[in-house]
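User: I have just opened this one and would like a short tour. Can we go through it together?
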Amino acid sequence: MPRLTVWYLRAAFVHLALGATFGALMLSAKAAPSLAWAWAWFPSHIELMAYGWMMQFALGVAFWALPRYLKPPKRGDVRPAWVAWGLINGGVLLLAYGPMLGMEWTRTAGAVAESLAVLLFALHAWPRVKPLGV
Amino acid sequence: MPRLIRWYVKMAFVWLVLALFLKAISLFPDGASLPAITPVSWHLLFVGWLTQLIFGIAHWMLPTKPGATRKDKLRGNERLMWGIFLILNVGLALRVVAEPMQIVQPNPVGARWLIASAWLQWLAAVGFVANSWGRVRPPVRRYKRQVADVR
């Protein structure tokens, strides 16, 4: 497993654990009104689970599993995929926690970071979506 | 495909069918007013189907533990993964029953079930992370060299 996939997957695991914690608190709040404050974390729960966990896990596995080139570097230019990792996690953090801290600008910044991240990852992955042995 | 993985994947399909069935019901005027149908169907899709499928396939495909000699230790703790399978699905099933129940007529039993559902699913997620963390690693050859370098 390439080092970058390790970073993608481990970050995805961290987001899964945090997103599941917020989810468990919110579901508990439906039975225990004293936990109603947990509903403020609803946008964070969605962000962490959909993008931090699922999307990031899928991209990390894609980086590992997509066909490689015959000549080195086997996975092509990996720099865009590294930058994408930073932008995804920066974007998820901004979107998940920024509004909770009263920083509304983080919504725009986070969304831009995530959009750039998937664009960069797609640029890296696009030529690797090819027949084997080419 | 090992037996445990087959259970994960087949159970994921069961929840997928149920999720889409609930979604179809919710599209009818009478169905949309059923209590908790939207959050339940979304969670069947994202937890029961997607997350459970990822857990199962990841447990199968991630690199095996370096140095593990016993077959049942190659993929981490096999018993733990059986336990995770059980609590994830029991937790989800409890939600399907208890969430509408709490909306229609809140009662202590439904409340307990809902809280149990929440924390069983949480435990499943954390257990999966704990079991898989060490398997997400560079190839063994490079891994051994890194360990040697550190020493």
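User: Which residues are buried in α4(B)?
Analyst: This is a predicted model, where local features need pLDDT of at least 70, side-chain atom pairs count only at pLDDT 80 or more, and totals for chains, interfaces and linings use all residues. Residues are numbered from 1 along each chain as its sequence is written, and chains are lettered from A and ligands numbered from 1 in the order in which they are written. In α4(B), the buried residues are B:Met81, B:Ile84, B:Phe85, B:Leu88, B:Asn89, B:Gly91, B:Leu92, B:Leu94, B:Arg95, B:Ala98 and B:Glu99. A residue is buried if 20 or more other C-beta atoms lie within 10 Å of its own, exposed if 12 or fewer, and partly exposed in between, with C-beta atoms placed from the backbone.

User: What do they pack against?
Analyst: They pack against α1 (3-26), α3 and α5 (108-133) of chain B. Contact here means that the C-beta atoms of two residues, placed from the backbone, lie within 7 Å. Helices are DSSP runs (H or I, at least four residues), as are strands (E, at least two), numbered from the N terminus.

User: Where is the kink in α4(B) centred?
Analyst: On B:Arg95, with a kink of about 25°. B:Arg95 is also one of the buried residues of that helix. The bend at a residue is the angle between axes fitted to the seven residues ending there and the seven starting there.

User: And α3(B), where is its kink?
Analyst: That kink, about 25°, is centred on B:Leu44. Helix α3(B) covers residues 37-61 and reaches 34 Å from its first C-alpha to its last, close to the expected 36 Å. The expected span is 1.5 Å times one less than the number of residues.

User: Stepping back, how many helices and strands are in chain B?
Analyst: Six helices and zero strands. Its C-alpha atoms fill a box of roughly 65 × 30 × 25 Å along the principal axes. Buried residues make up 34% of its 151 residues.

User: Is A:Val83 buried, partly exposed or exposed?
Analyst: A:Val83 is partly exposed, because 15 C-beta neighbours lie inside 10 Å. A:Val83 sits in helix α3 (residues 79-97) of chain A.

User: What does the model score?
Analyst: ipTM is 0.92 and pTM is 0.92.
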